2 protein chains.
Amino acid sequence: MESVSRARCFGGTQHVFRHRSAETGTEMRFAAFVPPQAGAGRLPVVWFLSGLTCTEENFTMKAGAQRVAAELGLLLLVPDTSPRGEGVPDDPDGAYDFGLGAGFYLDATQAPWARNYRMESYLLHELPAQVAAELPADLTRQAIMGHSMGGHGAITLALKTPGRFASVSAFAPISAPMRCPWGEKALGGYLGPDRSAWRRYDSCALIEDGARLPELLVDQGMADTFLESQLKPDLLRAACADAGIPLTLRLQEGYDHSYFFIASFIEDHLRWHAGRLGRAA
Amino acid sequence: MESVSRARCFGGTQHVFRHRSAETGTEMRFAAFVPPQAGAGRLPVVWFLSGLTCTEENFTMKAGAQRVAAELGLLLLVPDTSPRGEGVPDDPDGAYDFGLGAGFYLDATQAPWARNYRMESYLLHELPAQVAAELPADLTRQAIMGHSMGGHGAITLALKTPGRFASVSAFAPISAPMRCPWGEKALGGYLGPDRSAWRRYDSCALIEDGARLPELLVDQGMADTFLESQLKPDLLRAACADAGIPLTLRLQEGYDHSYFFIASFIEDHLRWHAGRLGRAA
């Protein structure tokens, strides 16, 4: 694991690291904010999974999360959204919603994607091991959140690993990739035409199939241009209601899909997670 | 004045506008954050002048200022750092420290720069008139701050317009452009070889020549790679001491020149300005 950059920030340190990933067969980058409490031992972790087109940089630069994480003593981990580099296949038309920057937090099964597009295994196994070895992270206390494609990632990863994450939240998540154009393209491309294989990567389908979360916090902007076509929070609401999962769905009047929306509510989410990670919130 | 974008942010609205400037002979862009208190009448204004290579976007995306401005009821104005567009001359070698993105907040006198590079007049006259006409800004209550080249801009503009700005602060300002490579290149290029003409654009020279401020707040990162070569806060400290200007110079251990540094201390600056603008800080 090699340092790409480091900068003092709110008394802690904002890092970017790179490392060789066996899962993706590429070099991967991720951002890590280590708060000032790090000297006193291992700290609880909050993962943030980003949306389409993002790298580890967007959330790190734009969300204003470090201020709150520094206060609460949370270690923030922000992975990239796909493998990248020489030889990694991309969308044949260069579209933003498939391939580079659009890994959808799954393990692809179809050629030519299966070799590199293994973000699920990378995030659940390889990257945590790397983090535990080299950063003051307490992986018995983890929370996860994400935005848009990353909201889908956060919720599905948590649904598939009961007990692993103390809490889960999302900003404008893709609620049901099997039932929106972004998701149908991604799941069809990475996993092939058999829709039964897609269910492991759809929050609503996972819940229908019996997966559970203790609770879920979601913020959704009502001026989000993707609300009706791609995000469909009503499907998530219905699935949670049917399954008895306590969902706090906050519909935020006037907010769009941007990081101005995330920045406006990140403090609420971090305090919510901190309370569930045993930190004073 | 035309809207480029608008987004809800911390209950207020983050705008980007464009308008035709007679001063620069170009279309200019600027960002404006209008806080939620805007409905109740005109609000005090804080200008932020950015550093080399920046546009109106950097501070707007990275500093996290909107949260505090929304709490305090401050209207934030963030101009671009130079004229841009078809026919605007740039550094002949494409260097980052002269020409586009490097207007140095002055009115150039030398060809080919004199036609477009008129940032001082644009900021002191044209843009405020535009803002007063179209935004809920109370221009009897203005503060100004900036970063690096923009710290130079904020301090020099305030020194030249006594009474105009209720308060002035800076992050890592270029303290004495006449005595550093960035400044010597810029002032020589835009103003020609006669160094007496440079004194209007050098904070220390202006103070030596009798200009005064009621007080000044400066934060400077001690891990800033430009500290010794370009920024030279000791020159500003000496000039303020000689002139009896109360300078609060905070040397911040471990911080660099980036927006992570600005984000870490922007709240302090905004509260400091708010107190001097008659807002509860």
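Predicted model: local features only at pLDDT ≥ 70, side-chain atom pairs only at ≥ 80, totals over all residues.
Residues are numbered from 1 along each chain as its sequence is written, chains are lettered from A and ligands numbered from 1 in the order in which they are written, and side-chain values use heavy atoms, with hydrogens and water left out.

Strands of a sheet pair through backbone hydrogen bonds, either parallel or antiparallel. In chain A nine strands make up an open sheet with mixed pairing, and their order is β1-β2-β3-β5-β4-β6-β7-β8-β9. Because β1 (2-9) and β9 (247-252) of chain A stand at the edges with a single partner strand each, one side of each has no neighbour in the sheet. From one strand to the next the twist averages 20 degrees, with axes fitted as lines to C-alpha atoms, for helices over the stretch in contact, and angles between N-to-C directions running from 0 to 180 degrees.

Helix α3 (residues 119-134) of chain A touches β2 (12-20), β3 (27-34), β4 (43-49), β5 (75-79) and β6 (137-147) of chain A, and its direction makes about 55 degrees with that of β3(A); contact here means heavy atoms within 4.5 Å. Helix α4 (residues 149-160) of chain A lies across β4, β6, β7 and β8 of chain A and runs at about 140 degrees to β6(A).

Chain B also has an open sheet of nine strands with mixed pairing, in the order β1-β2-β3-β5-β4-β6-β7-β8-β9. Its edge strands are β1 and β9 (247-252) of chain B, each of which pairs on one side only. Strands β7 (residues 167-171) and β8 (residues 216-221) of chain B run parallel and are joined by three bridges, and the bridge partner of F171(B) in β8(B) is D219(B). Helix α9(B) lies across β4 (43-49), β5 (75-79), β6 (137-147), β7, β8 and β9 of chain B, at about 170 degrees to β7(B).

Where the chains meet, 22 residues of chain B are in contact with 22 residues of chain A. The area buried between them is about 1700 Å², with 63% given by carbon and sulfur atoms; buried area is the accessible area (1.4 Å probe) that two parts lose on being put together, summed over both. R8(B), M61(B) and F260(B) supply 38% of the area that chain B buries against chain A, more than any other three residues. Across this interface the rule finds zero salt bridges, a salt bridge being a side-chain nitrogen of Lys or Arg within 4 Å of a carboxyl oxygen of Asp or Glu.

Over all chains, however, the whole structure holds 40 salt bridges. One of them joins the side chains of R118(A) and D107(A), at 3.8 Å from N to O. Both residues lie in the loop between β5 and α3 of chain A, so the pair ties together parts that are 11 residues apart in sequence.

Definitions and conventions: Pairing = 2+ DSSP bridges. Helix = DSSP H or I, 4+ residues; strand = E, 2+ residues; numbered from the N terminus.
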